[in-house]
Amino acid sequence: GGVLLFAAILLILPRFFAVIEARQGIVLNDWLLHIIPSMDSSVIIFILVWSTCLLVIARCIQQPAIFLMILYFLIFITLTRILTISIISLEPPTGLIILKDPLTSLSYGGKGIFITKDLFFSGHTSNLFMFYLCLQKKRDKQFALFTSLLVGSLVLVQHVHYSIDVIGAFIFTYLLVKYSKHLGLINL
C-alpha cells in the first residue's frame, strides 16, 4: 500500500510543480544569503544526496523494516511539503543558481526540467535528515547527519533556498518523525 501511495504522489508531483512555478510569490529578505556569495554546488550536492541514497538502499535491503519506515516518512514529508509549498508562495532567492540534479528532475516532469519555487521547506535537506533519523548503525547515522548538514549549507551557498527553508526542513522532519513514532503511526 505504501509503495502504491508513494507512486501516486510521484505521478502528481510534475503537475503540482508546474502550478507552483506559474504562480507569483514574495521574495524574502534573507540577511544570511546576502552575505553568502552565490556558487554552483550542484555536483557536490548530487554526490552527497545520491551516495547517501545508495547507503540507505543497501541498509533497506539488509533490514526491510528500515525500508518501510523510510517509505512512510517519505510519504509524510512529501505530503507536508506539498501542503507548506501550497500555503507559502515564495519567489526564488536573489542570486539563485539552478540546482542541476538529473535524477530528481524526473519528479519535476522530465529530464532537463528544473524548478525554483519548491521552497518551504528544503526537500533535499529534509530527506537526508530523515535518513539520519531512521538509520540504525552509528557510522551510517553520522554520515547521513553530515550529508544533511552539508547539503543544507550548500543549497544556501547556491541560493536555491532561503535559510528558513533549510531550518524548517530540520524542524519539520524531526517533528514528523518524532510524533509519528510517538503516536504509533510508524513503529518498526
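Buried, in this talk, means under 20% relative accessible area, exposed means over 50%, and partly exposed is in between, with a 1.4 Å probe and protein chains only. By that rule Ser126 is buried, with a relative accessible area of 0%.

The model is a predicted one: local features need pLDDT of at least 70, side-chain atom pairs count only at pLDDT 80 or more, and totals for chains, interfaces and linings use all residues. Residues are numbered from 1 along each chain as its sequence is written, and side-chain values use heavy atoms, with hydrogens and water left out.

First, the overall picture. The chain has seven helices and zero strands; helices (H or I, at least four residues) and strands (E, at least two) are DSSP runs, numbered from the N terminus. The order of elements from the N terminus is therefore α-α-α-α-α-α-α. For 188 residues, a compact globule would have a radius of gyration near 16 Å, and the chain agrees, with 16 Å. That radius is taken over C-alpha atoms, and the globule rule is 2.2 Å times the number of residues to the power 0.38. Along the principal axes, the C-alpha atoms fill a box of roughly 45 × 30 × 30 Å.

Of the 188 residues, 48% are buried. The accessible surface is about 9800 Å², and 71% of it belongs to carbon and sulfur atoms. Those areas come from the Shrake-Rupley method with a 1.4 Å probe, and for residues only the protein chains shown count as cover. As for contacts, meaning heavy atoms within 4.5 Å, take those between residues at least 6 apart in sequence: 85% of them join residues at least 24 apart.

Next, the core. A nonpolar core is a set of buried Ala, Val, Leu, Ile, Met, Phe, Trp, Tyr and Cys residues joined through side-chain atoms within 4.5 Å. The largest one here has 51 residues, and those with the most contacts inside it are Phe16, Ile45, Ile70, Met130, Phe131 and Val151. At least two residues of this core come from each of α1 (2-22), α3, α4 (64-87), α5, α6 and α7. Helix α4 gives the most, with 10 residues. In soluble globular proteins, nonpolar side chains tend to be buried together.

What is Met130 in contact with, leaving aside its neighbours within four places in sequence? The list is Ile70, Phe73, Leu74, Ile77, Thr173 and Val177.

Now back to Ser126, which sits in helix α5. Not counting residues up to four places away in sequence, Ser126 touches Ile77, Arg81, Phe121, Ala169 and Thr173. Ser122 is buried, with a relative accessible area of 0%. With neighbours within four places set aside, the contacts of Ser122 are Arg81, Val155, His161, Asp165, Val166 and Ala169.

On to aromatic pairs. Rings of Phe, Tyr and Trp (its six-membered ring) pair if their centres lie within 6.5 Å; planes under 30 degrees apart count as stacked, over 60 as edge-to-face and the rest as tilted. The whole structure holds seven aromatic pairs. Phe16 and Phe17 form a tilted one, at 5.6 Å centre to centre and 55° between the planes. Phe16 is buried at 14% relative accessible area, and Phe17 is buried at 4%. Phe121 and Phe172 form a stacked pair, at 4.9 Å centre to centre and 15° between the planes. Phe121 lies in the loop between α4 and α5 and Phe172 in helix α7, so this pair ties together parts that are 51 residues apart in sequence. Phe121 is buried, at 0% relative accessible area, whereas Phe172 is partly exposed, at 27%. Phe120, Phe121 and Phe172 form one aromatic cluster.

Last, helix α6. It covers residues 138-157, has 20 residues, and reaches 28 Å from its first C-alpha to its last, close to the 28 Å expected at 1.5 Å a residue; the expected span is 1.5 Å times one less than the number of residues. Its buried residues include Asp140, Ala144, Thr147, Ser148 and Val151. Which helices do the buried residues of α6 pack against? They pack against α2 (31-35), α3 (42-62), α5 (123-134) and α7 (163-182). Gln142, also in helix α6, is partly exposed, with a relative accessible area of 42%. After α6 comes His159, whose phi is positive, near 60°.
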